[in-house]
Every structure is written in C-alpha cells, then in structure tokens.
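Here are a few notes to read with the model open beside you.

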Amino acid sequence: MFRQAEWIGCNGMGEICPEFMREMAFESPVREATLFISAIGVYEAYLNGERIGDFVLAPGCTVYRERLQYQIYDVTPLMKKDNILTVTVGTGWHRGRISARSKQINQMPGAVIARLEVVLEDGRTQIIVTDGNWKVRKSRILFSDLYDGETYDASSPEDAYQEVKVLADLDKKQLIPQEGEKICEQERLKPVGYFVTPAGERVIDFGQNLAGYVEFHVKAKKGDKIVISHAEILDKDGNVYTENYRTARAKLTYICGEGEQVHKPHLVFYGFRYIRLDEYPGEPVPEDFTAIALYSDMKRTGHMECWHKGINRLFENTLWSQRSNFIDIPTDCPQRDERMGWTGDAQVFCRTASYNYHVEKFFEKWLADVRAEQYEDGMICDIVPNFWQMRRGSAAWGDVITILPWQMYLTYGHRTVLADNFEAMKKWVDYITGDSAVPYLWTCKEEEKKLWGKHYGDWLAQDAPYGSYVGATDVDLVASAFYANSVDILVRAGKILGKDMTEYEELYGNIVNAFRRTFHLETQTAHVLALQFGLAENREETAAGLARMIRENGNRLQTGFVGTPYLLHVLSENGYGNVAYDLLLQNAFPSWLYEVEHGATTIWEHWDGIRDDGTIWSKDMNSYNHYAYGCVMDWIYGVAGGIRTVEEYPGFEKVRICPLPDERLGWLDVSLETAYGVIRSKWSCKEGAEYKVRYEISTPVEAVVVIDGKEYQVGKGDYIFYGITPASCGSGSL
Ligand code: BGC
C-alpha cells in the first residue's frame with residue numbers, strides 16, 4: 001500500500017505540532033482521488049482548507065508496535081486543479097504522556113505517511129506519496145497531549161515552511177487498514193447553567209458528564225488569552241473539583257486572533273461536565289459555548305424506558321458512560337491520567353455494551369490488540385494496549401479473552417470471533433494451569449494477595465478492609481472461579497468449532513470439585529460467583545444464603561467489580577427476583593440509585609464517589625465516568641424485560657422472552673435491534689384493574705415466551721403477544 005511512500009518527520013519543533021504540506025497541480029481535471037494515510041501520533045488532514053473525513057484522533061489507538069491503522073478517504077470532491085494537502089500531527093496515544101512508559105513507541109518522532117492516488121479525466125493516474133517533496137512548518141497547535149490538553153495560538157503569523165526529514169528507517173510493516181469504527185463528533189450540548197462559585201470561579205455547566213471538547217465563539221482582541229479547566233463535579237462548597245484528574249492537567253488554552261472567532265481543540269479530548277473559565281476576555285455568554293461529545297461511531301441498538309424516573313436516568317447514565325469510554329478502545333475513564341483499556345472493566349460491561357450499541361466491530365478490533373499484547377506464556381495483560389508495560393494478568397481482567405469473544409458470539413452470532421480468539425483463550429487457560437501451585441485452583445502466595453499483588457480481587461467492593469481497594473472475598477476464590485468460567489467457555493467455544501475438548505471438560509470438572517472442597521462462601525461476591533459459574537454444591541442453599549446476607553445488610557449490596565455484574569442475575573435465576581428488584585431500587589448508599597439521586601449523569605467508579613455529607617471518597621480512585629457498574633443494564637434487558645439469547649441460536653436467531661414484572665417499575669418497555677429485526681418486550685402493572693400485568697411482546701424471530709412460568713411458542717414472523725395474567729394469554733400476527 002505505502003510501497004513508494006516514506007515516513008516523513010521534522011527537525012526540532014519541541015512541543016509544537018508539525019504541519020506537513022504538499023502542493024500539487026494537475027494538468028486535467030480530477031476524476032477520482034483516494035488518500036491513504038496514517039501517522040505516528042494523531043493527525044488531522046485538510047485538502048484545500050477543507051477537513052478530510054470526520055475521523056477525530058485518527059489513526060486511532062492500537063498496539064502500535066504491531067498494528068498501526070491507516071485510513072482511506074475518497075477526496076474526489078475536495079480536489080481542484082491546484083491543490084494543497086496539509087496534515088497536522090499531534091502526540092495522541094502514540095507519543096503523548098499516556099504512553100510515556102512504553103519507551104519503544106513513545107520516543108518515536110511525530111511523522112506522517114500518505115499515498116494519494118489520482119485518476120485524471122484523461123485517464124492518466126498520478127500517485128503522490130510522502131517523500132522529500134513535502135514541506136513542514138510549526139502549526140498553531142503549540143502543545144497537545146491527551147492528559148494535559150491543547151494550546152492553540154491564533155494570534156501569531158503563520159510560520160514559514162521548511163524541508164521535511166525523510167525517515168527512511170522507520171518500519172511500514174505494522175500498517176494495517178482501519179479495523180475499528182471511526183471516532184467522530186456526536187451530540188452537541190448547550191450549557192444548562194452559568195455561575196460564579198463561592199471561590200469566585202466562572203463556571204459553565206453542560207448538565208451532562210461526557211468525553212469530548214468545548215467549542216466556543218468569542219469576540220476578542222489579538223493576543224487575548226482563554227484558559228479553560230475541565231471538571232466532572234463541584235465539591236461540597238460548590239467549587240470546582242479537579243483533584244480526581246490526578247496529574248492530568250486537562251486544560252484548553254487559546255490565544256485569540258483579532259475579532260470574531262470560533263475554536264475547538266483538534267487532537268485531544270477531555271472528560272467533563274463543567275468548565276471553569278480561568279482566563280477569558282470580558283463577560284462570557286453561555287450560548288457561545290457548546291460541548292461536543294466524541295466517541296466511536298457505533299449504531300445504537302438498545303432502548304429502555306419505564307415509569308421509574310430514577311431507573312430511566314440510570315439507563316441514560318450507562319449510555320453516557322459507554323459513549324465516553326468507547327473512544328476507539330474500551331477505557332476505564334475518560335478524564336484522569338489513566339484512560340486505559342482495562343481488560344477487567346471491558347469484560348464486566350461487554351454484555352450491556354453489546355445491547356446498548358452495535359459494538360461487534362469495535363470489540364473485534366480491540367480483541368486483536370488484546371491478542372497482540374498476550375505474553376508468550378499466555379498471560380493476558382491488564383491493560384490493552386499495554387502502555388504501562390505492566391506484567392500482570394489478574395483474574396477477571398485477563399479473562400476478557402474468553403468472556404468478551406463469547407459475549408460477542410452470543411449477541412451477534414458469528415463464529416469467526418470464536419475462531420479468531422480460540423488459541424488465545426486456550427493459551428490463557430493453560431497459563432493459569434501452569435501458574436497455580438495447587439492443582440485445579442488458581443491460588444497465589446500470601447504476599448501476592450496484597451493490593452497491587454497478583455490480582456485485583458473484587459475490586460472496590462464495599463466489604464474491602466479500610467484503606468484497601470480489594471474487597472473481602474478471598475482472591476484465590478475469585479481467581480479459581482474465573483478459571484472455571486474461562487475453561488467452561490473454552491470448552492463451549494471449542495465444541496462449536498468442532499474441536500475435541502475432552503481434556504478441558506475433565507479439567508473443568510476437576511476445578512469444580514476442587515473449588516467445592518476448598519472454599520467457604522463467606523461474602524456476597526463469593527456466593528454470587530459460586531452461583532453464576534455453577535460452582536455451588538447446593539444452589540438452593542447458596543441462593544438463600546445470598547438473599548439472607550443482602551436482607552441482613554438492609555437490602556444493600558457489598559459487591560465490587562467482580563460480583564456486581566452477576567448479582568441480580570443469580571438472585572432472579574434462583575427465585576429471588578424480588579431481592580434483585582430491592583437492590584435495583586435501593587437508593588440508600590451503596591446503590592445505583594444513590595448515585596442517581598446524588599446528581600450522577602454517568603456511572604461512578606466508586607459507590608460512594610460523593611458521600612451523603614457531600615464529601616468526596618478519595619482523590620486517587622474516583623472517576624465519575626466509569627462504566628463498569630452500568631453492567632446492571634443487561635439485567636434490565638435480559639431479565640426485567642426478559643429478552644434472552646439462546647445459546648444454540650446465537651445472535652437472537654431464536655429468542656427466549658421471559659419478563660419479570662415488578663409493580664415498583666410501573667411499566668417497562670425494552671427493545672433490542674438485532675440482525676433479524678427489533679425484539680420488543682413491554683409490560684405494565686396495574687393494581688386493582690381487570691388485569692394485574694399486561695404484556696406486549698413483538699419478535700421477528702421464533703420465540704419461546706414465558707409468562708408466569710408458562711411457556712408459549714411464538715412462530716416466526718412479526719408477532720405480538722398480548723397477555724393478561726392470570727386470566728389469559730394469546731398471540732397473533734401483527
Ligand atoms: C482503573 C480500574 C481498573 C483498576 C484495576 C483502576 O485504576 O480505573 O477501572 O480496572 O485500576 O485495578
């Protein structure tokens with residue numbers, strides 16, 4: 001693809017982003033023009049002053065050592081007879097502070113590679129590639145870093161062009177065509193408030209936490225300075241709180257030109273709800289500001305609404321946390337000095353994510369990166385790309401390699417995702433087998449059980465001992481339970497792919513037995529995992545035990561990252577649907593609605609991100625935009641609304657619809673767009689009327705509908721299922 005092209009860079013521009021330029025003139029009009037382009041860093045390209053494409057932060061985020069995406073743009077409409085192509089390159093993930101610990105990639109020069117194929121009206125083809133014929137100059141972006149923000153100077157005259165540096169030694173073999181979705185600008189939000197805080201800060205509130213940037217319109221004098229800080233929350237006194245960004249400065253600086261002007265950052269993004277105008281000429285007019293959300297271009301597939309406003313808000317919060325953290329890779333959070341592709345967070349949330357949005361392409365691209373970062377011995381890194389050069393593969397984090405492909409298979413029904421990941425799954429499982437001292441369990445030494453030891457355990461659980469992030473559930477129990485689950489998934493995947501899985505089936509049986517012999521179930525999460533992964537010797541007793549613990553704890557959960565995703569599921573599957581609803585509808589701390597009632601517009605990382613008295617839990621580990629606990633939404637889709645995949649017919653080719661109404665939700669309307677059409681499940685509870693619950697279910701595929709424990713077969717075609725319990729149920733064609 002880039003055969004004749006060379007990487008081109010520049011000499012000594014320090015922190016200033018270089019702008020590469022190529023002039024070209026054609027003898028006859030252009031019939032067709034295609035640009036292939038990539039960069040070391042992130043780029044923004046213009047042809048004759050018009051932005052090429054709408055991919056922000058291209059070429060995206062991958063394991064650059066092996067996989068660097070290039071984009072292909074049809075630039076025909078932008079072509080003229082005389083043309084100027086410019087490409088500005090920022091640091092992005094590749095060279096920014098975010099990957100500073102990956103010296104191998106981070107210390108590479110900012111560079112661009114491109115090939116422009118032009119077909120003229122007279123039939124001739126002309127190829128223009130990056131080479132010594134390009135020029136470079138300092139752009140107006142004086143500084144650009146994903147963590148620290150961007151500085152733009154609109155006041156100074158444009159710099160003169162100089163020679164480029166041809167980087168003939170730089171490899172091209174890592175270049176691959178774009179696999180993921182493009183990242184682009186999505187919602188535009190106007191301020192909902194402007195105020196001055198008790199500390200005298202001028203603050204604009206966009207009413208919604210998000211990832212993206214602010215665009216503003218300003219009338220200014222040349223040289224006037226605008227400095228904007230970003231924040232997710234206000235502290236208890238109503239002042240801007242930024243400590244939870246840790247070392248990420250997240251500033252926007254703009255040096256104005258003369259007169260009216262509009263500006264937005266180019267090669268960075270921020271996580272924020274509020275902005276503070278640290279410096280701003282004159283009195284700001286809120287209408288002049290717009291927050292622009294930025295995320296991967298995924299198609300929305302899931303919808304949910306019910307009578308309960310708090311639950312609707314919780315759903316919105318989940319969507320916003322997904323949007324904010326699906327910027328080419330699934331991240332933990334979009335604001336602080338992290339924004340990493342944490343594998344644990346991704347596996348926790350992937351089911352909900354795949355219902356909310358069509359994320360097959362997004363995750364398959366990232367899974368290729370997960371495989372690229374897998375260690376020789378099979379260990380799966382905790383973050384992908386492994387920008388921190390960590391060598392840790394924690395239970396429930398590394399298990400992303402089994403859980404995520406399996407979920408993609410269930411939601412979308414394509415075996416290829418299993419085939420592509422099977423060897424990596426097997427290596428992971430074999431790695432665990434080889435890593436444990438005790439056969440059929442995954443155990444570790446006492447000193448490895450400490451914080452930042454081998455595993456994260458039930459991360460951020462409420463039963464964590466004071467001062468620790470690791471919940472009270474024995475990390476060996478957690479690790480062994482996930483070991484069992486990964487082997488189980490491996491066996492299922494292998495069978496689907498027609499492989500002999502006898503050896504792993506035996507291994508699974510042995511793990512189950514060893515688990516039962518070894519562990520006592522003491523915490524909520526221990527009960528949850530035993531039930532979810534089929535490890536409980538006596539399901540009934542275990543479920544009753546869990547329900548009792550929750551009741552004794554005032555209908556409150558204590559689970560963290562590991563237990564929470566399955567908590568409501570194991571309750572409702574074992575006859576405790578009412579307890580599951582109690583937890584869902586709990587509004588005292590810790591609970592989902594506690595956050596909602598404390599003003600959350602996204603999902604918090606920690607159950608008590610803001611305490612009842614307004615104080616803040618911790619500045620270290622306290623993101624207000626962390627999707628993990630948003631995983632509760634898959635219970636609403638799959639249990640409350642009851643739309644379930646059937647393993648034998650993945651991708652919703654056939655479906656089981658088994659709603660679980662509860663009058664405290666009033667009514668519920670859930671829908672899921674699948675490859676076969678939209679499946680919709682609605683119910684409403686009405687006390688004292690002629691019916692208790694009214695169901696309306698429409699499905700474009702064959703379905704088994706379960707109402708009050710009775711099964712109804714619904715044939716293929718668009719059906720509506722209308723039921724009144726306990727009196728009658730029926731179905732018919734739409
Ligand atoms: C991240 C988490 C992540 C965890 C692992 C945190 O810093 O934000 O979401 O999974 O580390 O320990």
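1. Let's start with a strand pairing: Leu35 stands opposite Tyr73 in E6. Strand E3 (residues 30-40) and E6 pair in the antiparallel sense, over four bridges.

2. A word on the ground rules. This is a predicted model, in which local features need pLDDT of at least 70 and side-chain atom pairs count only at pLDDT 80 or more, while totals for chains, interfaces and linings use all residues. Residues are numbered from 1 along each chain as its sequence is written, and side-chain values use heavy atoms, leaving out hydrogens and water.

3. E6 has another partner: strand E15 (residues 175-177) runs parallel to E6, joined by three bridges. In this pairing Gln69 stands opposite Ile176 in E15. Strand E6 (residues 68-74) is largely enclosed by the rest of the structure, because five of its seven residues are buried (under 20% relative accessible area; exposed is over 50% and partly exposed in between, with a 1.4 Å probe and protein chains only).

4. Next, have a look at the open sheet of six strands, ordered E5-E4-E7-E2-E10-E13 with antiparallel pairing. Its edge strands, E5 (50-51) and E13 (162-163), each pair on one side only. Within the sheet, E4 (residues 42-47) and E7 (residues 82-90) are antiparallel and share six bridges, and Tyr43 stands opposite Val89 in E7.

5. Gly123 sits in the loop between strands E8 (111-120) and E9 (125-129). Its relative accessibility is 43%, so Gly123 counts as partly exposed. The C-alpha atoms of Gly123 and Ser28 are 9.5 Å apart, although 95 residues separate the two along the chain.

6. Finally, the helices. H4 (residues 343-356) packs on H15 (residues 633-640) at an angle of about 65 degrees, with the axes 8 Å apart. That angle makes H4 roughly perpendicular to H15 (65 to 115 degrees; under 35 is roughly parallel, over 145 roughly antiparallel and the rest oblique). Arg351, Thr352, Tyr355 and Asn356 in H4 meet Met633, Asp634 and Tyr637 in H15, where contact means heavy atoms within 4.5 Å. The residues of this contact divide into three nonpolar, two polar and two charged.

Conventions:
Axes fitted to C-alpha atoms, helices over the stretch in contact; angles between N-to-C directions. Helix = DSSP H or I, 4+ residues; strand = E, 2+ residues; numbered from the N terminus. Nonpolar A, V, L, I, M, F, W, Y, C, P; charged D, E, K, R; others polar. Pairing = 2+ DSSP bridges.
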